[in-house]
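User: I have a structure to go through with you. Keep the answers brisk.

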Amino acid sequence: MNQFINKNLYGDYGDKEQAAGASGTHNTAGEWPLWEVFIRSKAGLDHKHAGSLHAADAQMAIENARDVYTRRMEGVSIWVVESKNIHASDPYEAASMYEPANDKVYRHPTFYNLPDELKHM
Amino acid sequence: MTVHSFQEHFDAKIDNEVMIEPRDWMPDDYRKTLIRQISQHAHSEIVGMLPEGNWITRAPSLRRKAVLLAKVQDEGGHGLYLYSAAETLGITRDEMFDQLHTGKAKYSSIFNYPTLTWADIGAIGWLVDGAAIMNQVPLCRTSYGPYARAMVRVCKEESFHQRQGFEIMMTLANGTDVQKKMAQDALNRWWWPSIMMFGPNDADSPHTAQSMRWRIKRFTNDELRQKFIDVTVEQARLIGLEAPDKDLKWNEERGHYDFGPINWDEFWNVVKGNGPCNKERLDARKKAWEDGAWVRDAALAHSEKRKARKENKEVKAA
């Protein structure tokens, strides 16, 4: 089964070396490391994942991110994280992982049947 | 899960228009086809900078120059979005460059034609970017998440490219006789190669059915080509230019323009490497890559040295 769940190199970079070693086909020596870019489009909003890029270090990653992802004033702040430091949940465990929330509709306000006359609630 | 159920799960997602994300299981052929399609698209953006870059220093005004610079920079950016998307499928950037430089990977044949006059810059923006937009807009809804997201970004930026190209053509077409002639000449030379950008006829495009099934292609080559011709013929007339096809005729019954036969021999010839500029383009790419090697190495060495120095300092402080 392991063979089949093709463990990808993306979004699971903690396993990157392992995955690369397993297949033995990827030679990334000499390549600048990969960085994930997060951009805050304006003050008051969260940083949001914009994409990725290669850079030799964090400073260069931020400068490259400016050129690649904010050519049209898309951002006021940039975060960069080396991709190998991102750890992701496993999509094959999604069913059990999010199952606890499935049967708890009472967590939503619409669950409660209240009279129409009730105002401001 | 068994092999079978992985496939079923994947098929169900495709059928229900659910996006496939990098860590999801996908059939090997889907992965391979996507890598080929996305990297080919990325290479086209990068090589596409060359014919236009030729005119940056010769743009007729500061405004045109600033616009062209911004457009070429966008093409570079588009290449980078797409390379990143392809990397999520497990291929490295260097592997893709290697495939481009060794001729194993293709890029759009259109960029193997030369840019002889300033009007060619107008024709490229209007026709080549116009054809690219026809192709790309449906890909914003393609089944592979990172690809679709990259395409949304690309399409948002691409529309200025087409407008600036049309504006160049419009200005020339409204200019002196010589300028108008120059615009018509550019249209004559770029028309057929642009039409060929949509690829072979559906009957000769064996992968179309599978790609449509996977939603990595949403319209056939011929559908997109027809759509492009229908809108572009009218645009040309609007500025007093004529597409160089004597068979162009509105077909009331079909609700489309009929058009003349396409010279597929020329198309395949250029694809196989015998276009006017194939060698020049590839040589330029290889030269840029090789000449830049010391910069990449130096930046990496510098960052490693700084990292080591920092670690040293931390050890001493502890």
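User: Which residue forms a salt bridge with Glu82(A)?

Analyst: This is a predicted model, in which local features need pLDDT of at least 70, side-chain atom pairs count only at pLDDT 80 or more, and totals for chains, interfaces and linings use all residues. Residues are numbered from 1 along each chain as its sequence is written, chains are lettered from A and ligands numbered from 1 in the order in which they are written, and side-chain values use heavy atoms, with hydrogens and water left out. A salt bridge needs a side-chain nitrogen of Lys or Arg within 4 Å of a carboxyl oxygen of Asp or Glu. With closest N and O atoms 3.7 Å apart, the partner of Glu82(A) is Lys84(A).

User: Is Glu82(A) buried or exposed?

Analyst: Buried means under 20% relative accessible area, exposed over 50%, and partly exposed in between (1.4 Å probe, protein chains only). Lys84(A), at 40% relative accessibility, counts as partly exposed. Glu82(A) has 17% relative accessibility, so the label is buried.

User: How many helices and strands are there in chain A, and in what pattern?

Analyst: Helices (H or I, at least four residues) and strands (E, at least two) are DSSP runs, numbered from the N terminus. Chain A has four helices and three strands. Along the sequence, the pattern of chain A is α-β-β-α-β-α-α.

User: In what order do the strands form the open sheet of chain A?

Analyst: Two strands pair if DSSP finds at least two bridges between them. Pairing in this three-strand sheet is antiparallel. The edge strands, β2 (47–54) and β3 (77–82) of chain A, each pair on one side only. The order in chain A is β2-β1-β3.

User: Which residue stands opposite Arg40(A) in β3(A)?

Analyst: Strand β1 of chain A covers residues 34–40. Six bridges join β1 to β3(A), and the two run antiparallel. Opposite Arg40(A) stands Ser77(A).

User: What percentage of the residues in chain A is buried?

Analyst: Chain A has 121 residues. Its accessible surface (Shrake-Rupley method, 1.4 Å probe; for residues, only the protein chains shown count as cover) comes to about 8400 Å², with 55% belonging to carbon and sulfur atoms. The buried share of the residues in chain A is 30%.

User: Where do Asp222(B) and Arg225(B) lie?

Analyst: These two residues form a salt bridge, with the closest N and O atoms 2.8 Å apart. Asp222(B) is partly exposed at 24% relative accessible area, whereas Arg225(B) is buried at 1%. They are three residues apart, about one turn of the helix, and both lie in residues 221–238 of chain B, helix α10.

User: Which residues do salt bridges that share partners join into one network?

Analyst: The structure holds 28 salt bridges over all chains. Shared partners make one network out of Arg71(A), Arg72(A), Asp74(B) and Glu157(B).

User: Are Arg93(B) and Glu87(B) buried or exposed?

Analyst: Arg93(B) forms a salt bridge with Glu87(B). The closest N and O atoms of this pair are 2.8 Å apart. Both residues are buried.

User: How many disulfides are there over all chains?

Analyst: A disulfide is a pair of cysteine sulfur atoms within 2.5 Å. The cysteine sulfur closest to that of Cys140(B) is in Cys155(B), but at 3.6 Å it is too far for a bond. Over all chains, the disulfide count is zero.
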